[in-house]
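Good morning, and thank you for coming. I would like to take you through a few places in the structure that I am about to show.

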Amino acid sequence: MNTGKVDVLLGLQWGDEGKGKVVDVLTPKYDVVARFQGGPNAGHTLEFEGQKYVLRSIPSGVFQGGKINIIGNGVVLAPDLFMNEAKDLEKSGHELQSRLHISSKAHLIMPTHRILDRALEVAKGKAKVGTTGKGIGPTYTDKVSRNGLRVGDILEGFEEKYAAHKERHMKMLSSMGWTDFDGFEETEKTWMEGVEFLRRFKIVDSEHEVNRTLKDGKSILCEGAQGTMLDVDFGSYPFVTSSNTICAGACTGLGIGPNKVGNVLGIMKAYCTRVGSGPFPTELFDDTGKRIRDLGHEYGAVTGRERRCGWVDLVQLRYSIMVNGVTQLIMMKSDVLDDFDTIKACVAYELPDGSTTPDFPYDINNVKPVYEELEGWKTDMTRFTSEEEFPKAFNNYIKFIEDQLETPITIVSIGPDRSQTIIRK
């Protein structure tokens, strides 16, 4: 590992690839773990020592004692949800205040942002995106329209700034004819408590801290949220999130130069899932899709929503590897396919005019997947401790994916627990 380099870990599909678990496994190799984008719409699930945790805003490196964790400027933060998450972690014995630093430039998700999120989604009718309703989109909208409220604003003159932002939002809601403010006062009260709670933490100009860390020869792991296909520029627009989920987002979301990036670790599932609306070429609407969902417990960590399931899409993954500059692949949830006779992988798309392409096109709404079939391994791999135990058919599946994607698979996950992780030689 390059000293003084930043390694970036991100999802290559539509999110939910298992990033939290991998960050937790890899953290011992790094000095600092930093989140660079997204908000509490991302749920990173970790399981170890019989406990299960879901992190929404806090980096997944907090469980490895003594490491500094940073919430970067590219993140949007909801003080009330952050407070609840932090208190839950502290109750379970994970002390945060000394090792969690928060960027003064991260934007705050206000209670009115959540109402705007709902109102805008309702206004879209059938064209709705399927947002989590957490206020992420409206917060990023305020950020790019230069109307945002930031963490640094809570340190001085906050009440006036907050009131001005709230008034502007209320005028917008009024012009949309929105009248549903049920529970708003209670939410706002808890939110203000969250702001007080936030003031206890070390609020820093994180770009200086990150670059000083690198100058001292230390290593940083950047943790992405969501997945590449939800990137606002390169994802399946408009069914995307409001931030750059790709590797370049680590540079803008933490204030690091591109020459500081070392390895780019891309996480993928052995199959594919998607939550919410939007195109999904390999989606299965039959019993196989339902079986993958049940075996993989494919329900949202934050929302509990059923995830849509399908076979692995190598056209889409090739594209993700290209735009991120991925150097290593990490394959998650391989054990979910343990009992299938045949496993399919999409290697090309058939376009509406009947031609086929290996490249990811502008519009994937009407493409049909072209599959290759591989033999299933029909083996329970969940107790394996090394790659020597992998069945031949599974090794063939790994090699097929590596050949297609021209990128090595260096880690394979065969279960939800921290211990069910095989580092390949």
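Asp180 sits in the loop between helix H5, residues 158-175, and helix H6, residues 184-198. Please bear in mind throughout that this is a predicted model.

Which residues does Asp180 touch, once its neighbours within four places in sequence are left aside? They are Ile115 and Arg118. Arg118 is 62 residues away from Asp180 in sequence, yet the two C-alpha atoms are 9.8 Å apart in space.

Let me turn to a pair of helices. Helix H3 covers residues 111-124 and helix H4 covers residues 136-144; the two pack with their axes 7 Å apart, at an angle of about 110 degrees. Angles of 65 to 115 degrees count as roughly perpendicular, and H3 and H4 are therefore described in that way. On the H3 side, the residues that take part are His113, Leu116, Asp117 and Leu120. On the H4 side, they meet Ile136, Pro138, Thr139 and Asp142. How is this contact made up by class? It has 4 nonpolar, 2 polar and 2 charged residues.

Next, I ask you to look at Asp80, which belongs to helix H2, residues 79-91. Here the relative accessibility is 5%, so Asp80 counts as buried. What surrounds this residue, apart from its neighbours within four places in sequence? Asp80 is in contact with Arg114, Thr187, Thr190, Trp191 and Gly194.

Finally, I come to a stretch that carries an annotation. An unreviewed UniProt entry places the feature "binding site" at Ala301, Val302, Thr303, Gly304, Arg305, Glu306 and Arg307. Of these residues, I shall follow Arg307. Where does Arg307 lie? Its place is the loop that runs between helix H9, residues 287-295, and strand S13, residues 308-310. Although it is in a loop, Arg307 counts as buried, because its relative accessibility is 7%. Its side chain is joined to the side chain of Glu298 by a polar contact of 2.6 Å.

That concludes my presentation, and I thank you for your attention.

Key. Residues numbered from 1 in each chain as written. Predicted model: local features only at pLDDT ≥ 70, side-chain atom pairs only at ≥ 80, totals over all residues. Heavy atoms only, no water. UniProt positions renumbered as here; feature names shortened; annotations may be inferred. Helix = DSSP H or I, 4+ residues; strand = E, 2+ residues; numbered from the N terminus. Buried < 20%, exposed > 50% of the residue type's maximum accessible area, 1.4 Å probe, protein only. Polar contact = N/O pair within 3.5 Å; in protein donor to acceptor, adjacent residues only side chain to side chain. Axes fitted to C-alpha atoms, helices over the stretch in contact; angles between N-to-C directions. Parallel < 35°, antiparallel > 145°, perpendicular 65-115°, else oblique. Contact = heavy atoms within 4.5 Å. Nonpolar A, V, L, I, M, F, W, Y, C, P; charged D, E, K, R; others polar.
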